[in-house]
Every structure is written in structure tokens, then in C-alpha cells.
Amino acid sequence: MSSWFDGLTTSGIPLIRRLSEIPLTRRLSQIPLILSLSKDERRRAVAMLLTGLCILSHLQPAFAYVKFGVRVGGQTVTLKWAQTPARYFVTDASVPGVTATDLQGALGRAFASWQGVPTSAISYQLGGFTNARPGDEDGLSTIGFRNRPDLDRVLGSTSFLVDNTTGALLESDIFFNASFAWSVASNGEAGKFDLESIALHEIGHFSGLGHSAIGETELRPDGGRRVLAAEAVMFPIAYSAGTVTGRTLRPDDIAGISDIYPDGGFATATGSLSGRVTKNGQGLFGAHIVAFDPGDGTMVGNFALNAQGEFSMAGLRPGPHVVRVEPIDDADLDSFFDPNRNVDIDFRVTYFDGLVIVPRGADSGSIEIKVVQK
Amino acid sequence: MRSAFAAMFVLTVAVPVRATVLIGADLGQLAHDAVAIARGRVAAVDAQWTPDRRAIETLVTLEVDTYLKGALGGTVQFLVPGGSLGRYRSIVVGAPQFAVDDRVVVFLGARGPSVPYVVGFSQGVFRVVRSGDGSTWLVTPPAPMPSAAPVPVTIVRGDPQRRPLPLNDFEQRVRALAGGAR
């Protein structure tokens, strides 16, 4: 997604922070070399390094997960299953081209993808077929088709029933809109949306993941927006009908599910990066922060989620990162934030003036990124 | 080390529920699909059981300042899925949420005699807010305008030209799009 690096040439020269705190790998050996160059040489070297990152970003997966939460008694409680396996039921209704058995099969593959993440402890269990409807508040987590022509641009959606007093997750349903044409063909079918891809996205929500902002769209001359690239299954806009691109979890999604339901060495093998985004000396709510890892080309993202503009990204590979801040000015803000929050999108893309070192099993220490109005 | 990790994961906070998977729309499509486009103030938000008492929905009452397309009266009501009733909260991820005194432009659809709904889920709601200095009303987020180019146009995040539109400009464009312009 090259557009993430637009404005690159105006960024400053990266500096190494706290080099003594980390074990340098061979991947880092290029960075002291950059520091020994002249100013112009350094600019060119950094531009080349980051151009390389642009190319890598097309090839390598990225991180950018967000967890769901609900407000209970003035506190935000992470929305997650208290006990696993999370049990679900499949409706016995079919749609043209997709039988109830096909539906069960596609769901089974999608659930298996999430359950197969080695650093996550999440698990699921099929309870069987049901004639209940997804969306009914009946205590069953039900997944299936419903004909909702009124939800004219919604392929699928996940709902939750939550206990207002505790924030406990009681039930989660997923519906796929039968108003659209669906396919379970292994290579997809022209003009039909791939059920497994959409199921994979919705099961991410079912498990407690929100949307990722790492994706890029284009406006079509014949109307509408089309996804050009999305480095997360949890990007909110679907790929076009006929493609099965969305069937594979990306490291973004894997980090997210591992953060909510950690297992193995996820926490001890990674580090975090934290800091604050400010504009005119004040904290900025809603900025999207992306950390680029020059070592493997991956990206990790999160939002500044309080009035102080503070952010933190967990699950990063230890080592140096380039940090970029950008406004979510190309997206439906309600898809990411509470509508009552004042999200500031009037600022320029900004790079932190230096590389930030993420230590293994600890935090980078807070950085401040100052942005200016557009 | 353990304390460092504890702090790290506390900071990696959760956000309120917002999500679904959508077919992306531009403003022209939303304007075409809507039977009415209203700007106004949210006067009431009332959660209720659906008629079959199997789910929770929310009836939103909007005091309309003006219509940019169609007309459904000085006060219009529309339904959004989910809501909070007593001990239970039903959250339909991706469904737009409203609070009393919100100022919004909503793109409304209707089928038969049913209560109107929001076209495109959260894509069909635009928030009207005061500018930072309080001098004018702005519409946010910046609406994805239909492309006039004969080829696809990539939407570049952070484009300095993409800013919240002044309300008057937004309304002029919506009226033109609702009238069939591209």
C-alpha cells in the first residue's frame, strides 16, 4: 500500500533510540551505516530503505487489530468469551447455490482458521443445526442466512447480547444477507460473494476483534468503492464478488486474536510501542498510528484512544520501527469509533523523527509525535 | 519485566463495538438509493422489542431542518437494529448509533409501508459538527464523492485536500447527486 508512505521525502532522518537496550541483529547492521552518511546521502538512503518497505508492504502481511469493548460503570470491558470453546449453532436454511451443509462446511473451515492460530487459545464448538434465526435474543449463538433487503449494502453482520451490569458476553449471532448471491466454490464464482471469506471476517468479530484500518480502496468510474488491498481479514469493506482473497488470516488478524486469547510465547516473544500524538500541544483522539518493521516489512497499527492522544501497540517483533501517524479521513468513522467521540482528522501525515526500538518482552518507552493541521 | 507487560496490555485498550462487512458506496450511490435525505437533530432514541419480540431495535426520531431529497414530514422516525433494554444490550455491529441532540444528515430508505431505515448502514450517516473555531458547520467524515475520471481513482489516506466539507457545500453536492449528477 504505497500510499501509506506518501509524503516520505519530507520526513526527517531517522535516529537510533536506546540502541544499547536491544540485542542488535544482522538486520540492523544497515542502520549505523545510514548514520555515518552525509545529510543528502542519508536522505537518499532512508528514502531507499522506506521505498523498499513500500515494496515489502505489498508482499508482507501487516498488523493493525482493534479489540471490542463495552462501557460498564464508566469502564471499558473487553468483549470476549469468558469460557471456551465458544459454542455456535448453524441454521438449517439454505439459499440458491448454498445448502445448509455447504454453510456448515464453509463455517467449519473459517472457524478452523481462527482456531488454528498457534499463539491463540481460542476454540470453538459446533452445537448442531437449529431452526432459530440469527439475531434473535434467545441465548443461542446462531449463524446463518437471513433475507434483509433493507440492509442493502451489508453482506454480513455480527451481533452481541451483553449483560449491561457486568459486560459479560451472553450470545453472539452472525447473519449473511440472503439478498446477495453467495458461493462456496473452491475458486469462487463470478458475481457471487465468497461465503468462507465473509465468514472469516465475521468470526473475527464473533471472537471480539474490531476492524483493521490497514487497507486501501479506489473510487470506480461506474460508481462505488473497490478494495485494492487489505492486509487484514478485518478490513471493513469486502473484496469484490468472485474473489476468494479473503480466506487467509494475516499476521494482523493473528496478532489480534492472540492478544485477546493469548497462548504460548506470544507475549514474551514480542514487545510493544507506546506514545502520544499531539496537535498544538493537545492530545489528539483518533489518530491512526502505524509502526513499520524494516526487518520483515510488516506493519502494526492502532489508534490514539483517549483525550491525551495516548496509544500502545502490542505484539510487535522486537527491533527498530518507523512510526507514521495518519488521519482516518478516508473511512466511515462510525465503523471504528463511538459516534459521540470527537475524532480529529484534520492533520497531516507525520513520521516520528527517528527509529523507535521495540525491546523483547517490554515497551519502547513513550514517544511523542507532533502533528500539524492540514 | 512482568510489570512492563502488564502496563502494555492495559494500554492496548478495547474500543466500542463497531463492525460489519460492507459493500463500499460513494455518495452518488447513497443519494441514488435513498428515498429521502434529511438533515436535522435527533430528538429521541427509544429502544424497543421488535413486533415478534425476538430482538431489540431502536426507533430514532429526527426533527428535520431540511430535506435534500424527498420529504417525509417535519419529524421523521427510522429504525436501527440493536439497543439497550433493562439489563440487556443488543449490539448489532456496524449499525449506526444515535444520541439525543446529535446533528446528522441521514440517507433513508423505505420498502412498502415499513418504518424507514438508514441506507448503507453506517455509510448512510454523516455527522454535522461545529468547526474548531465554532464559526461554521462541517460534515464529517469527508464523503467519498463519485469519481468523474474515466479510470479508477485511488483514495489516498491523509490527502491534504480531503477535509470535512462545509455543510452548505455538502448539501449542494448531495442535491446535485440526488438529481442525477455524477
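Which residues touch the most other members of the largest nonpolar core? I would like to start there, with the caution that this is a predicted model, in which local features need pLDDT of at least 70, side-chain atom pairs count only at pLDDT 80 or more, and totals for chains, interfaces and linings use all residues. Residues are numbered from 1 along each chain as its sequence is written, while chains are lettered from A and ligands numbered from 1 in the order in which they are written.

The core has 129 residues, and those that touch the most other members are Val277(A), Ile289(A), Ala291(A), Ile37(B), Val106(B), Leu108(B) and Val118(B). From chain A, this core draws at least three residues from each of domain 1 (2-59 + 270-371) and domain 2 (69-260), the domain bounds coming from an automatic or database domain assignment. By a nonpolar core I mean a set of buried Ala, Val, Leu, Ile, Met, Phe, Trp, Tyr and Cys residues joined through C-beta atoms within 7 Å. A residue is buried if 20 or more other C-beta atoms lie within 10 Å of its own, exposed if 12 or fewer, and partly exposed in between, with C-beta atoms placed from the backbone. In soluble globular proteins, nonpolar side chains tend to be buried together.

Let me take Val118(B) as one case: leaving aside residues up to four places away in sequence, Val118(B) touches Phe78(B), Val80(B), Pro96(B), Val106(B), Phe107(B), Leu108(B), Gly124(B) and Val125(B), where contact requires C-beta atoms, placed from the backbone, within 7 Å.

Staying with chain B, we find three helices and 13 strands; helices (H or I, at least four residues) and strands (E, at least two) are DSSP runs, numbered from the N terminus. Of the 182 residues in chain B, 47% are buried, and among contacts in chain B with a separation of 6 or more, 63% are between residues 24 or more positions apart.

Strand β3 (residues 36-49) of chain B has two pairings to show you, and two strands pair if DSSP finds at least two bridges between them. With strand β8 (residues 103-109) of chain B, β3(B) runs antiparallel and is joined by six bridges, Arg41(B) having Arg103(B) as its bridge partner in β8(B). With strand β4 (residues 56-69) of chain B, the pairing is again antiparallel, over 12 bridges, and Asp46(B) has Leu59(B) as its partner. β3(B) and β4(B) make a hairpin with six residues between them, and in the turn Arg53(B) has a positive phi of about 60°.

Turning to chain A, how many residues of domain 1 are in contact with domain 2? There are 11, and they meet 10 residues of domain 2 of chain A. On the domain 1 side, β15 (299-303) and β16 (310-316) of chain A each supply at least two residues. That side has five nonpolar, six polar and no charged residues, counting Ala, Val, Leu, Ile, Met, Phe, Trp, Tyr, Cys and Pro as nonpolar, Asp, Glu, Lys and Arg as charged, and the others, Gly among them, as polar.

Within chain A, strand β7 (residues 169-177) has seven of its nine residues buried, so β7(A) is largely enclosed by the rest of the structure. Strand β5 (residues 142-146) of chain A pairs with β7(A) in the parallel sense over four bridges, whereas strand β6 (residues 154-163) of chain A runs antiparallel to β7(A), joined by seven bridges. Phe176(A) is the bridge partner of Phe145(A) and also of Gly156(A). The hairpin of β6(A) and β7(A) has five residues between the strands, and there Gly167(A) takes a positive phi near 80°.

Is helix α4 (residues 195-206) of chain A mostly covered or mostly open? The answer is mostly covered, as 12 of its 12 residues are buried, including Leu195(A), Glu196(A) and His201(A). From its first C-alpha to its last, α4(A) reaches 16 Å over 12 residues, close to the 16 Å expected at 1.5 Å a residue, the expected span being 1.5 Å times one less than the number of residues. Gly208(A), which follows α4(A), has a positive phi near 115°.

Finally, one sheet brings the two chains together: three strands form an open sheet in the order β11(A)-β10(A)-β12(B), with antiparallel pairing. β11 (225-230) of chain A and β12 (153-154) of chain B stand at the edges with a single partner strand each, so one side of each is left without a neighbour in the sheet. Strand β10 (residues 215-219) of chain A pairs with β11(A) over five bridges, and Thr217(A) stands opposite Val227(A).

Note on methods
Contact = placed C-beta atoms within 7 Å.
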